[in-house]
Amino acid sequence: MTTVAIDLRMYGMSGIGRYLQSVMPEVLPRLQSERIIVFGNADLLMQESWASGGRVEIRNERARIFSIQEQLNAFRRDYMRSGLLWVPQYNVPVAYRGKLVVTIHDLCQLAHPETLGSDLQRWYARTLISRAVRQADAVLCVSKFTRAEIGKYLDVDCSRITVTYPGRGLAAQETHVRPVHAAGRPYILAVGNVKPHKNLRRLISAFELTRDRIEHDLVIVGKRDGFLNAEKLPAGSSAASDDRIRFTGHISDEELLGYYRSADALMFPSLYEGFGFPLVEAMAQGCPVACSNIASLPEVAGDAALLFDPYDIDQIAVALFAVASDAPLRQQMVKKGFERAAKFSAERCGQQTADVINTLLGGSQTRFGMRWPVVH
């Protein structure tokens with residue numbers, strides 16, 4: 001009996017978790033396997049409709065991502081004896097020797113090592129990433145940018161890599177929830193946990209430059225506390241107590257959709273993204289987008305977003321002022337945004353992912369000799 005095992009411990013989280021929520025309902029029905037074992041939070045996974053049916057078996061696994069414990073636990077997991085293992089991140093069990101598919105979302109840990117807290121963490125990340133990419137029978141990437149980064153930092157033959165753009169994820173859901181903004185003023189939205197590469201320091205500084213010329217508040221959705229390398233607020237900023245700068249903390253998916261729909265624009269000043277789900281989510285909800293002109297963001301945004309240099313506070317301020325003050329511009333961006341978001345299909349991502357896995361299950365390819373097509 002052919003068994004496919006999938007590590008879903010990040011299911012339901014931001015970023016990779018959003019990717020998994022989008023692709024799992026599409027990829028599972030297409031897998032040519034009699035048995036599928038998924039590992040993760042059993043209470044969460046059992047709520048999903050794709051988890052029902054005779055083929056899918058759920059194994060409760062709570063070991064923290066990138067921990068030593070996850071490597072130790074791997075020895076007793078069923079997937080050590082599976083026909084194929086799909087890991088949607090680079091934390092592949094070092095003892096695993098079967099067929100392997102890895103999804104690489106970005107190489108932030110290599111491109112921006114300062115986002116990690118210690119030399120040990122940086123060494124561990126580089127070791128795991130390098131091993132995962134070289135060990136994998138197939139590597140999936142969420143953008144051409146990430147594929148190029150793998151070639152740049154790991155000197156890997158990129159012809160083994162398939163680009164599978166994610167679908168719209170959260171944007172495909174429906175909600176009747178509307179955000180309650182206590183001040184009752186219009187607002188500009190930012191989505192991202194307070195981490196250095198999310199570049200919220202410069203965004204807040206840009207807001208300080210424009211606040212007297214616009215009526216909008218700045219609402220930042222994401223976790224503010226709990227990160228070892230959480231970004232500090234700009235020196236002299238009044239953000240901590242300012243009623244025009246609001247941190248929502250963690251909110252539900254329905255609430256986030258409501259924030260997208262009611263915002264006048266999304267500002268996304270990230271310094272590094274492998275894909276950038278908030279861009280597509282916002283566009284699909286009719287929210288204009290202004291974002292960084294680096295990493296994968298121009299690739300994802302196309303001509304539907306207002307681009308700026310994320311290292312230049314003045315440029316961020318100009319873009320912020322433009323989307324806040326120019327209603328005709330926002331209307332134009334909304335139209336382009338709908339068109340752009342429609343290009344990202346969870347169904348297509350699921351089909352491409354299943355094609356790669358099914359080819360490996362068929363046994364027609366051997367490790368390191370594969371030449372997967374690049375999807376444009």
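Q: Is Phe-344 buried, partly exposed or exposed?
A: In this predicted model, the relative accessible area of Phe-344 is 6%. Buried means under 20%. Phe-344 is therefore buried.

Q: Which kind of pair do the rings of Tyr-165 and Phe-344 form?
A: The ring centres of Tyr-165 and Phe-344 are 6.0 Å apart, and the planes stand at 85 degrees. Planes over 60 degrees apart count as edge-to-face. The pair of Tyr-165 and Phe-344 is therefore edge-to-face.

Q: How many residues apart are Tyr-165 and Phe-344?
A: Tyr-165 sits in the loop between strand S7 (161-163) and strand S8 (187-191). Phe-344 sits in the loop between helix H12 (327-341) and helix H13 (346-361). The pair links distant parts of the chain, and the separation is 179 residues.

Q: Which parts does the pair of Tyr-11 and Trp-50 tie together?
A: The ring centres of Tyr-11 and Trp-50 are 5.7 Å apart with planes at 70 degrees, so this pair is edge-to-face. Both residues, Tyr-11 and Trp-50, are buried. The parts tied together are 39 residues apart in sequence: the loop between strand S1 and helix H1, and the loop between helix H2 and strand S3.

Q: How is H7 oriented relative to H11?
A: The axes of helix H7 (residues 200-210) and helix H11 (residues 313-325) come within 8 Å and cross at roughly 60 degrees. That angle makes H7 oblique to H11.

Note on methods:
Residues are numbered from 1 along each chain as its sequence is written. This is a predicted model: local features need pLDDT of at least 70, side-chain atom pairs count only at pLDDT 80 or more; totals for chains, interfaces and linings use all residues. Side-chain values use heavy atoms; hydrogens and water are left out. Axes are lines fitted to C-alpha atoms, for helices over the stretch in contact, and angles run from 0 to 180 degrees between N-to-C directions. Helices (H or I, at least four residues) and strands (E, at least two) are DSSP runs, numbered from the N terminus. Angles under 35 degrees count as roughly parallel, over 145 as roughly antiparallel, 65 to 115 as roughly perpendicular and the rest as oblique. Rings of Phe, Tyr and Trp (its six-membered ring) pair if their centres lie within 6.5 Å; planes under 30 degrees apart count as stacked, over 60 as edge-to-face and the rest as tilted. Buried means under 20% relative accessible area, exposed over 50%, partly exposed in between (1.4 Å probe, protein chains only).
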